[in-house]
Amino acid sequence: MKQNIINGKNFVTLASSELIEKLTDLKADGYRLGQICATKVSEGFEIIYSMDKDHSLLNLKLTIPEEEEIMSVTGVYWAAFIYENEMQDLFGVKIKHMALNYGGHFFKVSEPTPWNPKK
Amino acid sequence: MGKRTIIPFGPQHPVLPEPIHLDLVIEDETVVEAIPSIGFIHRGLEKLVEKKEYAEMVYVIERVCGICSFGHGWGYCAAVEGAMDIQVPRRAEYLRTIWHELSRIHSHLLWLGLLADGFGFESLFMHTWKIRETILDILEKTTGGRVIFSVCKVGGVRKDVDAETLKEIDEILAKIRAEIEELKEVFLEDDSIKNRLCGVGYLSKEDAIELCAVGPMARASGLRLDMRLNGDGAYGELDFEPVVTDEGDCYGRTKVRIFEVLQSIDLIHQAIAQIPEGELSVPVSGPATGEFMARIEQPRGEAYYYAKGNGTKFLERMRVRTPTNMNIPALVKTLQGCDLADVPMLVLTIDPCISCTER
């Protein structure tokens, strides 16, 4: 079976309290950050952190209530500011201690959090 | 510390065909900080997946970008096929590989032309794009489109390429190879070009890892990072080793891309020699279920495609993470300390595709 087919289904559930410790361990183990994305689900947000080491992919998935504020991972992977600002701008995901916080203006959106509009 | 001035770079600039904005904080003529902002033309295409059936969505995803369009279609199909456990026929995998490598050639030639234009070498720009036209002609002949092909579908491909046409493509590419070899000599040996590229925008291997750089940007800094190594499509059956160099500067990134053009010609040659007979696609029906994170190597680097089904004909989530997106942090870091005059060259050498980034 191709490596991508094995990796593409490699989703591991994680609690938000474990996130920073887990990513710190993965970075020490040689993993790089591939991408972060949010999905709006009935429970709130589902956030996936895709980590890669030697072309082997690990997707960490955490589900949080919409009002929960999660820790920024920019202290571990500075490059994550791209994704964290995107999630903040488009979905309104609350993230604290971002190394580079555009305050909702990284994307030039015409209305706040267009992919999760406030009622 | 001298007086600091902020110079806006973009969203409109001669080296930028698409809008990205950088606030360049400069001290004398040296950039000390670069603050990027994007989203001027963000289209929200990912969100459209809630209104387009998953089989139709491929037409939208192909329009994420006008250069690496085929790769986006393939990446999306791979994600849906992975989520729904669909096995694509071998001939379709080979055809996808051939079209993807042709796309890589035309993308790299387009970039090399833009680079030549950027440093004022007009005749080199025109010569490079003249060769690229031949590739576009091949794409037009085999798919009907020069930029958007619409040949990829969930479950396989829509069109076949007959043996005679494949032989003809092989012969055309053999002729082009000689022309690319000549181009290579100019791009890599000409003194005036080397003066503009060597030592500019250095990114160390450690920084490339730290900043999660991808594609030619990472490979020019010594990282052996290429999603084709995963063996998708026909890559697992082709003799292939990524082009890696350790210069880490604009010259290194140019070198990687020009050698990758030659490598793509080799890969197509191998694929044409080995392509099996067989079906072009398998029937796909029913609601989308499951989830899958697919990755492919676009001309600009690793791209992610996430598909999540919810048991209906619409996907719950579709995510496209494009390579330019991931190279922005590396760009910001390499801009620090460079001369203001080198900023356009440096921005060009990440091969920014803002259309991809503004998916």
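**A tour of chains A and B**

Begin by selecting A:H97, which lies in the segment after β6 (94-96) of chain A. The structure on screen is a predicted model. At this position, examine the backbone: A:H97 has a positive phi of about 60°, although the residue is not a glycine.

Now move to chain B and select B:D85, in the loop between α2 (69-83) and α3 (90-118) of that chain. B:D85 counts as exposed because 11 C-beta neighbours lie inside 10 Å.

For the next stop, display both chains together and turn to the interface. How many residues of chain B are in contact with chain A? On the chain B side there are 31, and they are in contact with 28 residues of chain A. To find the elements involved, select β6 (291-298), β7 (301-309), β8 (315-321) and α10 (323-335) of chain B; each supplies at least two residues of the side that touches chain A. Which element of chain B gives the largest share of that side? The element to highlight is β6(B), with five residues.

Finally, colour the side of chain B that touches chain A by residue class. This side has 13 nonpolar residues, together with nine polar and nine charged residues.

Methods:
Residues numbered from 1 in each chain as written. Chains lettered and ligands numbered in written order. Predicted model: local features only at pLDDT ≥ 70, side-chain atom pairs only at ≥ 80, totals over all residues. Helix = DSSP H or I, 4+ residues; strand = E, 2+ residues; numbered from the N terminus. Buried ≥ 20, exposed ≤ 12 C-beta atoms within 10 Å, placed from the backbone. Contact = placed C-beta atoms within 7 Å. Nonpolar A, V, L, I, M, F, W, Y, C, P; charged D, E, K, R; others polar.
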